Amino acid sequence: MTSAPARPARITAKKRLGDRLFSGGATTAGALILAMLAAVASFLVLQGVPAVTADPRDMSILAGHENFWTYVWPLIFGTLWSAALALLMAVPLSIGIALFISHYAPRRIAQGLGYIIDLLAAVPSVVFGLWGANTLAPAVQPFYTWLNDNLGWFPLFSGQVSGTGRTILTASIVLAVMVLPIITALCREIFMQTPVLHEEAALALGATRWEMIRMTVLPFGRSGIISATMLGLGRALGETMAVAMVLSSAGVVTFQVLTSTNPSTIAANIALSFPEAYGLNVNVLIATGLMLFAITLVVNSIARWVVNRRKEFSGAN
Amino acid sequence: MSKRIEVNDLDVYYGDFKAVEGVTLTVEPRSVTAFIGPSGCGKSTFLRTLNRMHEVIPGARVDGEVLIDGSNLYGPGVDPVLVRRQVGMVFQRPNPFPTMSIRENVLAGVRLNNRKMAKSEADDLVEKSLQGANLWNEVKDRLDRPGSGLSGGQQQRLCIARAIAVSPDVLLMDEPCSALDPISTLAIEDLIEQLKNDYTIVIVTHNMQQASRVSDRTAFFNIAGTGKPGKLIEFDDTDVIFSNPKVQATEDYVSGKFG
């Protein structure tokens with residue numbers, strides 16, 4: 001007798017001009033970042049592929065290497081090794097400074113200190129390079145000799161100690177100083193977001209200040225600490241000038257941090273080799289850039305995965 | 001593990017501002033004492049001085065003594081951290097640690113005191129504490145899930161379980177039901193009735209029916225005006241306060257004439 005009742009027309013929200021402008025603008029901005037990433041990635045792939053496929057003998061930069069991969073491997077290793085050493089020094093220090101600012105220091109000192117940390121971020125990397133090569137390297141060299149003499153049995157400190165101090169460890173110290181401000185600033189913001197409610201819960205259970213920080217502030221800030229570390233890592237992996245100026249490199253793969261034969265990094269190698277590169281050699285350098293791009297992508301994906309693994313315990317719900 | 005609290009002429013200051021003035025009262029062991037009064041009258045501030053939680057706020061200090069079974073909380077050399085391990089607290093808004101599971105939340109306080117604990121011992125304590133907070137049957141199958149996944153009332157009972165897991169002498173509750181629906185409130189009130197057998201309980205509440213339902217003794221606090229310190233106006237058995245108070249201000253407040 002009756003057909004199925006006609007479905008009521010769906011009520012749509014009225015589209016106002018402001019809403020449309022704003023959503024349009026936000027969508028465009030979001031799309032733009034994808035477009036830029038795609039443009040960079042396609043440039044790297046298109047220009048990098050010839051370096052891998054062409055005959056290695058056609059490229060003078062690969063002289064002494066079997067192929068592209070044996071050329072790039074020490075660079076990849078140097079990039080990861082120097083960045084890892086830098087983070088090893090910078091992350092604990094940054095967390096310490098951030099905790100001091102957010103939970104220990106009197107307010108006035110905390111503000112001043114935060115300001116100084118931000119200033120450190122504004123120093124250009126070439127200045128850090130000069131400082132590292134001319135001041136830091138000679139200053140730490142006697143210490144390196146001491147380490148080598150007394151702890152030479154430890155593989156990292158073994159080998160023939162460098163006379164100039166311009167080793168991968170010095171480069172990593174410079175990198176650590178450079179990534180310190182960004183990690184500290186982010187950690188400080190995150191630590192200050194810890195809900196007072198949870199801090200009080202810990203204190204009311206009889207936690208000391210340090211126990212309170214360990215029970216609430218650090219777990220609550222965990223994903224933020226990882227994100228901050230990733231940003232710092234991104235800068236350490238890609239840093240060019242400071243490493244190029246500090247490091248005396250030899251294209252080797254070694255874990256020894258005190259010798260004068262050090263692996264170079266991808267970014268520093270591009271900067272140093274590019275002025276004299278021609279023809280297919282340019283493609284080789286671009287291909288190493290593609291490797292750096294891929295490494296960054298992989299590292300960030302791993303960090304994302306780590307953060308998401310314990311999402312329901314993050315405190316965000 | 002229940003103890004008597006004696007407060008002698010206690011003043012509380014925030015910097016130069018005197019928030020609470022001249023409180024003297026005695027809380028008997030194994031009883032429930034309710035603090036009532038209008039907002040800003042200093043009852044929560046005063047409650048926090050009973051386990052030195054007010055010291056979390058910079059510039060807060062007290063004058064006077066608080067004796068728990070005769071020993072002064074504010075005596076020289078008394079560590080506030082140890083005070084808080086004996087005097088537990090439940091807050092206005094449920095605050096289980098979001099980064100911990102239900103089980104870890106219950107054990108949080110115990111782990112501070114006694115790091116090494118056999119698993120079976122820990123299991124027993126978790127069960128006993130959650131039983132004590134009337135939560136065991138609802139969560140026994142999901143002890144490893146985050147505490148933040150529970151409902152508000154369950155979260156508050158989890159906080160109570162966490163507080164009683166360390167076997168405190170006294171349990172302070174700062175408006176524990178004000179963020180909860182009536183059914184959860186009833187569950188907490190039943191729980192307070194049971195906990196009274198083992199603990200000295202002090203509860204701050206805005207709900208006068210709640211005070212009359214759960215407490216044995218009631219303290220009425222009031223302020224003369226903004227910027228003036230809060231004072232203890234009257235302290236007596238709960239039925240006296242609600243039926244036959246001696247002070248006019250108390251009668252006005254409990255009968256709803258103001259506040």
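Contact here means heavy atoms within 4.5 Å. The model is predicted, so local features need pLDDT of at least 70 and side-chain atom pairs pLDDT 80 or more, while totals for chains, interfaces and linings use all residues. Residues are numbered from 1 along each chain as its sequence is written, chains are lettered from A in the order written, and side-chain values use heavy atoms, without hydrogens or water.

A:M215 touches A:A202, A:L205 and A:A207, and also B:F97, B:T99, B:M100, B:A108 and B:L112; residues up to four places away in sequence are not counted. A:M215 belongs to the largest nonpolar core, which has 116 residues. Such a core is a set of buried Ala, Val, Leu, Ile, Met, Phe, Trp, Tyr and Cys residues joined through side-chain atoms within 4.5 Å. Buried means under 20% relative accessible area with a 1.4 Å probe, protein chains only. Among the residues with the most contacts inside this core are A:F191, B:I5 and B:F46. Helix 2 of chain A (residues 68-104) supplies its largest share, 18 residues. Another core, of 44 residues, lies apart from it and includes B:V106 and B:A161.

Chain A has 10 helices and zero strands. Helices are DSSP runs of H or I, at least four residues, and strands runs of E, at least two, numbered from the N terminus. Of the 317 residues of chain A, 42% are buried. Its C-alpha atoms fill a box of roughly 90 × 60 × 35 Å along the principal axes. Among chain A contacts between residues at least 6 apart in sequence, 78% join residues at least 24 apart.

Key
Buried means under 20% relative accessible area, exposed over 50%, partly exposed in between (1.4 Å probe, protein chains only).
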